[in-house]
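Dear colleague,

I am handing over the structure that I have been looking at, and below it I set out what was found in it. Please read it with the model open beside you.

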Amino acid sequence: AERIEDLRARAWGFVGNARRIRFELDGAEEAFEIALDYLRHGTGDILERAFHFEFRAALLRAQRRLAEAERMLRRALRIYHELGETHRIGRALVSLSVGYEMMGTAERSIPLLQRAVELIDLEQDPRLLWGAHHNLITALAETGRFMEAQGFFIQARPLYARFSGGHFLNRRHWVAGKIARGLGQIREAEAHLRAARQGFIALGAADDGALVSLELATLY
C-alpha cells in the first residue's frame with residue numbers, strides 16, 4: 001500500500017511538471033501539493049523525495065523563486081550523492097545551472113555544467129547531454145571565454161549532428177554566431193545569427209527571434 005502511495009506521488013509529480021511546462025503554474029502548485037501528501041503516506045523512500053524536490057525546484061524557478069529553487073535542488077543533490085545516482089546528479093546540476101543563468105551569474109553555472117557533461121549517461125538521455133553541452137558553450141561565450149567555447153563546440157559536433165532540426169539547429173546557429181562574433185569573425189557571425197533569427201521566426205518563436213535580432217543589431 002505504501003509503495004502505491006509512492007507511485008501516486010510520482011504520477012502527480014509528472015502532472016505538475018507537465019502543467020509547469022504549459023505555464024499553468026497554479027495548477028502545477030496544486031499537483032505538487034497532492035504529490036507531497038501521497039509521499040507522506042508512502043514508504044519514506046528518499047529517492048522518491050529527491051524526485052519530488054527536483055520537480056518542485058523547476059516550478060519554483062518558473063515562479064522566479066530562485067533562492068528557494070536552489071535550496072530544493074541541493075536537497076535532491078545530497079540524496080543523489082548519498083545513493084551514488086551519477087546520472088541524476090548530472091541532471092540536477094544542469095537544473096541548478098539554469099537558475100544561476102537566470103540570476104545573471106552565468107559564470108557560476110560553468111563548473112556545474114562541466115561536471116554535468118561528465119556524469120550524464122548518453123544512452124539514458126542524449127537530449128539532456130545535448131542541453132548540458134549547449135548551455136556550457138553558451139555560458140562560456142557569454143562570459144567572454146570564446147576560445148574555450150569554440151573547443152567545446154567542436155567537441156559537441158556529434159551531439160549537434162544527432163539533434164539537427166528545428167529549435168536545435170537554430171540554437172546551434174545562435175551559439176556559433178556568439179562565438180564567431182567574440183573571435184572577430186564578423187561575416188561568419190552575421191551568417192549564423194541571420195540563420196538563427198530566420199529559423200526562430202519560421203517556427204513562431206517570437207521571444208528567441210527577438211533576442212537574436214538584438215544580438216544581430218549589436219553586431220551591425
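The largest pocket is lined by 37 residues, and those nearest its centre are R20, R61, V94, V98 and N135. A pocket here is an open set of points on a 1 Å grid over the protein atoms alone, with protein on both sides within 12 Å along at least five of seven lines, and a lining residue has an atom within 4 Å of a point. Two or more residues of this lining come from each of α1, α3, α5, α7 (126-142) and α10 (166-182), and α7 gives the most, with 9 residues. These helices are DSSP runs (H or I, at least four residues), numbered from the N terminus.

The space in the largest pocket is about 2000 Å³, where a volume is the space filled by probe spheres set on the grid points, which are joined across faces, edges and corners. Its lining has 17 nonpolar, 7 polar and 13 charged residues; Ala, Val, Leu, Ile, Met, Phe, Trp, Tyr, Cys and Pro count as nonpolar, Asp, Glu, Lys and Arg as charged, and the others, Gly among them, as polar.

Please keep in mind that this is a predicted model, in which local features need pLDDT of at least 70 and side-chain atom pairs count only at pLDDT 80 or more, while totals for chains, interfaces and linings use all residues. Residues are numbered from 1 along each chain as its sequence is written, and side-chain values use heavy atoms, with hydrogens and water left out.

There are also 2 cavities of 30 Å³ or more, a cavity being a set of grid points where a 1.4 Å probe fits but cannot get out. The largest cavity has a volume of about 60 Å³, and its lining, to which α1 (2-21) and α3 (46-62) each supply at least two residues, includes D6, R10, F51 and F55. The second largest cavity, of about 50 Å³, has at least two lining residues from each of α4 (66-83) and α5 (86-102), and among its lining residues are R61, L66, Y100 and M103.

Finally, E142 lies in helix α7, and its side chain is joined to that of K178 by a polar contact of 3.4 Å (a pair of N or O atoms within 3.5 Å, where within protein one must be able to donate a hydrogen and the other to accept it, and residues adjacent in sequence count only if both atoms are side-chain atoms).

With best wishes
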